[in-house]
Amino acid sequence: MGRRGRNQQLNKAGTIQTLYEKLKESKDFVVYHHTEPTPCVISYLKTMADPKILNESILPGLKKADLHSLEKIKEAIPVENISITDQAEKIKEKVLQGYVIIQMTENDNQVLLIPASTKVGRKVSIPEVEFSVVGPKEAFVECLDKNMNLIRKRVPLPELTVKELSIGKLTNTRVAVVYIDGIANEININTVMQRLKEIDYDQMIDSSYITQMIADNSNSPFPQLLDTERPDRMTEALVEGKIAILVDGSPHALTCPTTIVEFFSASDDYFLPWHLATAFRLIRLFAVLFSVLSTSLYVAILTHHHEMIPEELLATIISSRADIPFPPILEVIILELSIELLREAGARLPTKIGQTIGIVGGIVIGTAAVDAGLTSNVLLIIVALSALASFTTPVYQISNTIRLVRFPFIIGAQLWGLIGVSMVMAFFIGHLIKLQSIGTPFFAPIYPLRITDLKDAFIRLPFNKQTQRPIQTRPLKSERLQPSDANKKRDIDE
Amino acid sequence: MNKKRQSKIDLHVPENLLVTPFFVFFLIHAMQLGVGILSFETYIARDAGYDAWISLLIAGAAIHLLLWIVYNILQSSKGDIVSIHEETFGKYIGGFLSIIFSLYVLLLTLTVLRTFIEVIQTWVFPQLNVWFFTLALLLLIYYLVAGGFRMITGLCLISVLLALPLLWLKFFPIQAGDINNVFPIIDHTLVELLSSAKTSILGFLGFELLLVFYPFIKNPEKSKKWAHYGVFFTTIIYVISAITAFIYFSEKQLDQVNWATISLWKIVEFPFVERFEFIGIALWLYVVIPNICFSLWAASRIPKRLFNIRQTYMVGGYCLILYVATIMLDERQQIKELNDIANMIGFYVLMYIPVLFLFKKARDKVRDTN
């Protein structure tokens with residue numbers, strides 16, 4: 001007991017000095033002895049501190065008169081939030097953020113901490129992953145404070161609460177949990193906070209780390225937190241009672257709880273009139289189904305059920321497949337893999353070369369493969385269309401899932417035709433029913449069936465019909481608007 | 001008294017696993033609709049000819065009555081079949097009866113599983129590799145049953161949503177058929193109608209699983225309405241299917257047809273697809289899977305309640321039994337016999353429900369006077 005206590009004391013006493021020793025090994029750590037008229041020691045990290053504050057506020061303050069104590073210096077320097085401390089832990093944290101330290105003598109434990117940090121980062125720019133033609137054109141950036149600014153200016157409410165944690169043993173990354181107090185359910189908030197606190201890992205580079213670490217089922221191919229780079233989309237989520245997670249250094253914020261249908265709704269859906277938005281959303285859902293199922297149905301029907309094809313259509317398919325040396329399954333796998341290859345290459349290459357690859361891969365290789373008789377042009381159309389269809393998903397993460405999910409279906413189709421496809425589908429439906437997002441069902445509003453939530457799932461009804469916030473988030477106040485008499489239909493000539 | 005409290009504790013189902021009364025509609029309906037509907041038309045028409053749709057209505061009414069009795073039993077005891085048996089017949093006889101019930105439900109599972117594989121063998125893949133296909137199907141079923149009662153409810157819902165559009169296909173045979181086949185109405189005796197009703201009542205088997213899943217319903221009193229709607233919906237679907245088959249086939253033709261509903265899918269034709277029965281059978285998987293999962297879940301829950309065995313082990317064990325039995329029954333005649341036996345036992349189970357009701361009433365009276 002006694003020994004342990006002494007150990008702790010030793011640590012505490014030694015830390016400022018050991019901290020200095022460590023820092024002095026780096027070239028960008030500056031220790032500067034100031035003499036006239038105030039004798040003191042100024043030290044800071046040159047790469048993190050703002051030279052403007054140092055030159056315009058701190059040094060002139062020290063030059064004014066002979067200041068004998070840290071309190072006097074504190075009064076003399078016109079910078080906010082200056083503090084005096086002797087806690088080594090705090091000093092370490094602050095100096096690494098770019099604070100300037102002032103001591104009376106070099107071995108003094110009492111130090112003055114002056115906030116002078118500066119951050120390098122890019123400016124707020126237009127969204128590139130979730131682009132929309134109409135609507136706001138601001139996207140999150142890597143700086144947490146800038147991102148918070150983007151949210152706060154959209155939701156000027158005292159109820160907008162921000163809880164901050166620091167995650168990552170080595171990176172000490174700031175992670176903010178944002179929600180509207182009084183609408184977001186505490187159970188959800190507690191679940192999120194609890195799971196974030198339990199994260200024990202060296203680094204926290206991006207918000208996608210969090211998606212994987214706090215997911216209810218980390219073995220699922222489906223992302224269980226929605227990521228977005230659009231502050232407007234995030235605002236939409238916050239006012240519905242959802243919780244947002246922002247990570248310093250990541251331009252993608254997470255919102256939760258979420259459902260599978262939310263991954264297929266774009267922000268455009270809310271900027272267009274409701275019937276147009278509904279039509280486009282349905283097209284998108286159809287595209288997803290097409291993208292997942294088309295090639296497996298091709299394999300199933302051509303391998304096992306050719307009776308199903310009507311005579312007229314059969315002629316077309318047979319003439320395109322007549323010279324192909326491979327069975328449908330091999331043909332499909334070759335083409336699917338080459339499309340994946342193109343995508344992977346396109347994603348890794350710089351934009352300008354990427355376009356070239358698209359032309360070379362898509363047009364040259366495609367045409368050549370058909371001409372060489374390696375693949376039928378019917379299949380080429382199907383594969384190209386299904387690749388195109390998978391790009392219609394507004395959230396990038398789910399399009400990766402769709403890419404992958406296709407392959408079990410193709411295997412099922414090869415084994416037992418349409419019944420095999422059905423079996424794989426049953427597996428995925430079962431998996432989706434089982435899946436949860438922060439403890440709430442992921443497959444809602446289909447199961448559990450929630451009629452009110454269906455108003456904004458496969459279709460989007462007009463805003464005045466959306467009187468309730470979604471049940472999915474279990475909001476504390478569910479009423480969004482009072483259904484008014486103005487909605488009542490007028491009779492003729494009234 | 002002490003024992004009774006013990007069983008009450010076992011019965012407790014965590015709040016987050018309960019389902020709302022509304023879903024009882026899907027549970028009852030999905031369990032009643034199985035592989036039977038693919039072939040029932042031929043059998044019910046054997047006794048009552050083309051008046052058999054009246055028999056279906058009679059059978060439906062009888063099921064409503066039985067459902068009412070089941071609810072009566074359950075509401076007075078607030079338990080499931082295991083606790084009811086224990087209260088009524090004591091620990092040993094009651095336990096024995098519960099095991100019998102569990103085995104009966106397992107038999108239902110086997111019947112549905114084997115008959116569906118038979119359908120696939122007959123209509124899609126005559127050379128089907130049964131041991132491999134059954135293995136894959138049972139692995140899938142094990143995964144789904146392991147998801148628990150919530151998962152099964154979800155599957156039942158999906159099954160109704162996916163299978164309901166198949167009803168539109170009835171339009172094709174109705175268009176091609178002759179409505180005069182059904183007339184004259186009622187040219188059979190009451191005895192003939194009733195004996196056909198006895199055959200058709202087998203299509204409604206499955207609602208008795210309510211005796212097992214009743215504790216999983218939130219506010220179970222309110223579910224009564226939905227259960228009756230479920231039975232009513234099943235009746236309507238049976239009647240529509242029967243009348244469609246009667247309109248399309250003549251009486252003598254129908255007698256030769258083994259799978260009337262599937263034969264009717266065969267004539268469906270779109271510009272881009274023919275031979276719709278392949279799609280029909282593939283979609284029918286979504287009717288069959290909830291059916292198998294639900295009955296397997298119910299069959300394995302009874303031993304859990306009785307002996308406190310982990311349900312996962314029971315599901316695994318039962319899957320193994322199903323697997324071996326499915327592979328061993330490889331001749332058409334055997335499968336027909338399996339169906340006959342299951343139907344016969346199912347009929348006795350239906351008869352047993354009123355008997356249980358009377359025993360329970362008598363027992364309650366004795367307890368009250370004491």
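## Strand pairing in chain A

Two strands are taken to pair if DSSP finds at least two bridges between them, and strands (E, at least two residues), like helices (H or I, at least four residues), are DSSP runs numbered from the N terminus. In this predicted model, local features need pLDDT of at least 70 and side-chain atom pairs count only at pLDDT 80 or more, whereas totals for chains, interfaces and linings use all residues. Residues are numbered from 1 along each chain as its sequence is written, while chains are lettered from A and ligands numbered from 1 in the order in which they are written.

Strand β1 (residues 29-34) of chain A runs antiparallel to strand β2 (residues 40-45) of chain A, and 6 bridges join them. Within this pairing, Y32(A) has I42(A) of β2(A) as its bridge partner, and the two strands form a hairpin with 5 residues between them.

## Contact between chains A and B

Residues are in contact if their C-beta atoms, placed from the backbone, lie within 7 Å; the contact takes 21 residues from chain A and 27 residues from chain B. Helix α15 (residues 396-434) of chain A contributes 13 residues, the largest share of the side of chain A that touches chain B. That side has 15 nonpolar, 4 polar and 2 charged residues, where Ala, Val, Leu, Ile, Met, Phe, Trp, Tyr, Cys and Pro count as nonpolar, Asp, Glu, Lys and Arg as charged, and the others, Gly among them, as polar.

## Helix packing around α15 of chain B

Helix α7 (residues 130-145) of chain B and helix α15 (residues 277-307) of chain B have axes that come within 10 Å and cross at roughly 60 degrees, the axes being lines fitted to C-alpha atoms over the stretch in contact, with angles from 0 to 180 degrees between N-to-C directions. That makes α7(B) oblique to α15(B), since angles under 35 degrees count as roughly parallel, over 145 as roughly antiparallel, 65 to 115 as roughly perpendicular and the rest as oblique. The contact is made by I141(B), L144(B) and V145(B) of α7(B) with I289(B), I292(B), C293(B), L296(B) and W297(B) of α15(B), and its residues divide into 8 nonpolar, no polar and no charged.

The axes of α15(B) and helix α16 (residues 311-328) of chain B lie 9 Å apart, at an angle of about 125 degrees, and the two helices are therefore oblique to each other. By class, their contact has 6 nonpolar, 2 polar and 2 charged residues.

## A buried loop residue

V268(B) lies in the loop between α14 (260-266) and α15 of chain B, and V268(B) counts as buried because it has 20 C-beta neighbours inside 10 Å, the cut-offs being 20 or more for buried, 12 or fewer for exposed and partly exposed in between. Leaving aside neighbours within four places in sequence, V268(B) is in contact with L169(B), F172(B) and F276(B).

Notes: Contact = placed C-beta atoms within 7 Å.
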